[in-house]
Amino acid sequence: EEKISRVEEDTNGNGKIDSFSYFQDSQLVKKEVDRKHAGKIDLWGYYREGRLLRQEEDLNGDGKADRILHFQGEVLVRREEDSQGGGRLDLTEFFSEGKLTKRFLDRKGSGRFDILYVFKDNRLVREERDTDGDGNFDLRIFYENGEVVRQEADTNRDRLVDVWAAYKSGKRIQQ
């Protein structure tokens, strides 16, 4: 009995192979696709027992993965991305039951996340920022229905909140 180890496909009928599927013990373990039909692979899928575990995408055509999607039971649980094109993953998002729950950003390119967004039912409810780059979140912004309702800040780096502000209709009403 012969087992198929690789299947090559021309998915758009242009005469060029643009999809490669790799098998081990008759199970799909990896799939590579040239989605842009540009002659190079820009999507990689990794499988276990026929289920997608991880998908990597080359968004800018440099041959390297700029976005990595992690799955459990074919449901997206984490997304990582080089959103600024700096060669390092600077955005990580976490999902629960298909809904975005957290987004971490490294906006300064320091290798440390300096902003955290927290979501509930796909709506932003809290934002935390490391404003001085010391690795600690020192500003918290709370949202309701898309509007800022409260802010808390640690202005003296002792990891305790020492400034509070309340907002109504986008305007600070108390500090």
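Reader: How many of the six residues of strand E6 are buried?

Author: This is a predicted model, in which local features need pLDDT of at least 70, side-chain atom pairs count only at pLDDT 80 or more, and totals for chains, interfaces and linings use all residues. Residues are numbered from 1 along each chain as its sequence is written, and side-chain values use heavy atoms, without hydrogens and water. Buried means under 20% relative accessible area, with exposed over 50% and partly exposed in between (1.4 Å probe, protein chains only). Strand E6 covers residues 67–72 and is mostly covered; the number buried is five.

Reader: Which residue is the bridge partner of Ile 68 in E7?

Author: Strands, labelled E, are DSSP runs of at least two residues, helices (H or I) of at least four, numbered from the N terminus. Two strands pair if DSSP finds at least two bridges between them. E6 pairs with E5 (residues 51–57) over four antiparallel bridges, and there Ile 68 is the partner of Glu 56. E6 is also joined to E7 (residues 75–81) by six antiparallel bridges, where the partner of Ile 68 is Glu 80.

Reader: Which residue takes a positive phi in the hairpin of E6 and E7?

Author: Two residues lie between these strands. The one with a positive phi, near 60°, is Gly 73.
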